[in-house]
Amino acid sequence: MAIYILRKLAFFLGALFIASVAIFLLIRGAGGNVAAVVLGKGATPEAINALAHTYGLDRPMAVQYFDWIGNMLSGDLGRSFRTNESVADLVTARLSVSIPLAFSGLVLGLLIAIPVGTYAARNVGTPSGALLALVSQIGVAVPVFWAGILLSLLFGVRLGWLPTGGWTDWSVSPWGAIRSLVLPVLSLGLIMAAVLIRYVRSAVLDVMNQDYLRTARAVGMTRTEALLKVGLRNAALPLVTIVGLQIAELIGGTVIIETVFSLPGLSRMMLANVAAREVIVVQSTVMLIVVFVISINLIVDLLYGLLDPRVRATR
Amino acid sequence: MSQENAIEVRNLVVHNTALTAVRGLDFTLPAGARMGLVGESGSGKTLTALALMGLLPMGWQANGSVRHDGVDLITQSDRALSSRRGRTISMVFQDPLSSLDPVRHIGQQVSSVIRRHTQASKKEAERRTVDLFRQMSLPRPEQLMRAYPHEISGGQRQRIMIAMALACYPQLIIADEPTTALDVTVQKQVLRRLNTAVQERGSALIMITHDLPIIAAMCDTVAVMYAGKIVEMGPVAEVFRNPRHHYTKGLLDSQPTMDNIALDGSSRLASIPGMVPPLHSLPAGCAFHPRCAAATEQCMSEVPTLDDGPRRAACWHPIGATVPMEVA
């Protein structure tokens, strides 16, 4: 197990390094002269050079890269070129929206997908099983923004139960914050569930045909008991991997949902900063998201080793 | 039913929407008796076993009656059956690696069976599991408790499966080709453990295999299946010495012995001509007639049934019968 963890950690650090170089080169490389981009059209060469010097942009790329990484490691994510705000502060403020949104969306998706997918697998070949498969298929085809708009129309406009969009901050009213999150979480969760149901269904179907499930029944478990006690634990193995992969999907989903419901989340902040050509803000925020996604994948790998003794032994 | 019988099977039919794989089986196994069930792949042996256990794969259904421990297993609900499985009737499967839960400790898998069916505490169940492992001659039984199935050998895994099936002293054990997935070198060892354990408990045994010497060594009676029916049954020694059905004789003749194996390639090992007919297009009359040298007009149209007596066979022209008058 120790070797397994060490290998995964080495892979984790390697992936982070490659990702950071890629982000740095893509953003700097694509933007041309950063100072010129920041000042926009009509700026004099003198002004551009002055700004470039102020931010250290006239130094060699390698020096700038290591400077950036060094600062990131010490917790300094840089400052906005325009407003001089700290990126760390900008991000933290947005996380109180984005983290509850993404996390609750994922949890809701799983809470729906695991029982429904298991039910669909148990009832494969029956009308109810086929209906569930069809509904989840439709769910997969529905774009996240459309689901959001429909929910917003129904619960916000028609019934007037919940706000159609906008944000009440936690500090103003925790209840208001929760109310602003209900519809976004619901849209995100339903779409996640539609995708996950299919994976749960096929994982459970696969497990149902395994000999060890028959053995569990042969020594006294009922069909349902064997599925819940022996089957789900084994079905969890492929699902953990899928959930890890869905995290990236989830972040993509939050970009859309935050826009549809006008939530001041991290994704929307990033979009705004891309438009405003805030190079360092975008660069550091993207890196943060990458760190998050790769960390989740590391956790998934470690969890996999914990759940499956065969992985510990062989890899 | 009389309590002396471990199982009474009457007109057992196993089918799905398209096929009938087991076509009317009748046999009775007295308590403690050991019966071999032989036949080629596809003859319905495994589906018969699964039907007795109430573990048929999805889509398959059993009809007829299976009396065991005072009830008809066919009519029982999954819940009612589950309280018997592993306690009064249990099964050893073919492939021990795929049949054990890969993510749970072996000790837990076996001791949970004991806890389920008895009042034993966790500690007591674990102690009895270690005892079982010891009875199965498994090395270092205490350490084995915390091992995973992939960490031990195939022979050890199958002995674990046997320990699991025997944990609660069942009246009947069904072993479905328990050594097919094992190395030849450990087959004998595993069978010996199974044999001893079954005898110590006084359990009845149904041994499914196509390995005839195993049947000869372990069973009192044998039933030969062909295309979903029993074509011959009787005491093992008599059936093997003087088979009455031509299929049984064919099976016996195709067993390798030191006499009929020639290493220079000029093998004298006999084989039954033709193939087992697919279930969806069984021939009329006796299902074996296209492959039978003794087949006549009658065999092509009329279905033979098992005749009476201790040496039953379903054949219009059984081997060793007196030649019909009109021909003589």
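**Exercise 1. Chain A as a whole**

What percentage of the 315 residues in chain A do buried residues make up? Describe also the helices, strands and extent of this chain in the predicted model.

Solution. 
Step 1. Of the 315 residues in chain A, 32% are buried.
Step 2. Chain A contains 13 helices and zero strands, so its pattern along the sequence is written with α alone, as the definition of helices and strands gives each run its label.
Step 3. The C-alpha trace of chain A spans about 80 × 55 × 35 Å along its principal axes.
Step 4. Take the contacts in chain A between residues at least 6 apart in sequence: 72% of these join residues at least 24 apart.

**Exercise 2. The domains of chain A**

State the domain bounds of chain A and describe the contact between domain 1 and domain 2 of chain A.

Solution. 
Step 1. Domain 1 of chain A consists of 1–82 + 276–315, and domain 2 of 99–268.
Step 2. The C-alpha centres of these two domains of chain A are 31 Å apart.
Step 3. In the contact, nine residues of domain 1 of chain A meet eight residues of domain 2 of chain A.
Step 4. On the side of domain 1 of chain A that touches domain 2, the classes are seven nonpolar, one polar and one charged.

**Exercise 3. Two crossing helices**

Describe how α5 and α8 of chain A cross, then classify R198(A) by its surroundings.

Solution. 
Step 1. Helix α5 of chain A covers residues 87–122 and helix α8 of chain A covers residues 174–208.
Step 2. The axes of α5(A) and α8(A) come within 5 Å and cross at roughly 35 degrees; the crossing is right-handed.
Step 3. The contact of α5(A) with α8(A) has 23 nonpolar, six polar and one charged residues.
Step 4. R198(A) is located in helix α8 of chain A. It has 18 C-beta neighbours inside 10 Å. A buried residue needs 20 or more and an exposed one has 12 or fewer, so R198(A) counts as partly exposed.
Step 5. Between R198(A) and L132(A) there is a sequence separation of 66 residues, while their C-alpha atoms are 9.7 Å apart in space.

**Exercise 4. The contact between the chains**

How many residues does the contact take from chain A and from chain B? Follow the answer to α9(A) and what covers it.

Solution. 
Step 1. Chain A gives 21 residues to the contact and chain B gives 25 residues.
Step 2. On the side of chain A that touches chain B, two or more residues come from each of α9 (211–218), α10 (223–260) and α13 (309–314) of chain A. The largest share, seven residues, belongs to α9(A).
Step 3. By class, this side of chain A has nine nonpolar, five polar and seven charged residues.
Step 4. Six of the eight residues of α9(A) are buried, among them Y212(A), L213(A) and R217(A).
Step 5. The cover over the buried residues of α9(A) includes α8 and α10 of chain A, and also α1 (45–53), α2 (78–82), β6 (89–92) and α3 (96–99) of chain B.
Step 6. After α9(A) comes G220(A), with a positive phi near 125 degrees.

**Exercise 5. Chain B as a whole**

Solution. 
Step 1. Chain B has 12 helices and 11 strands.
Step 2. Of the 328 residues of chain B, 43% count as buried.

Methods. Residues are numbered from 1 along each chain as its sequence is written. Chains are lettered from A and ligands numbered from 1 in the order in which they are written. This is a predicted model: local features need pLDDT of at least 70, side-chain atom pairs count only at pLDDT 80 or more; totals for chains, interfaces and linings use all residues. Two residues are in contact if their C-beta atoms, placed from the backbone, lie within 7 Å. Helices (H or I, at least four residues) and strands (E, at least two) are DSSP runs, numbered from the N terminus. Ala, Val, Leu, Ile, Met, Phe, Trp, Tyr, Cys and Pro count as nonpolar, Asp, Glu, Lys and Arg as charged, and the others, Gly among them, as polar. Domain bounds come from an automatic or database domain assignment. Axes are lines fitted to C-alpha atoms, for helices over the stretch in contact, and angles run from 0 to 180 degrees between N-to-C directions. A crossing is left-handed if the near helix is turned anticlockwise from the far one by less than a right angle, and right-handed if clockwise.
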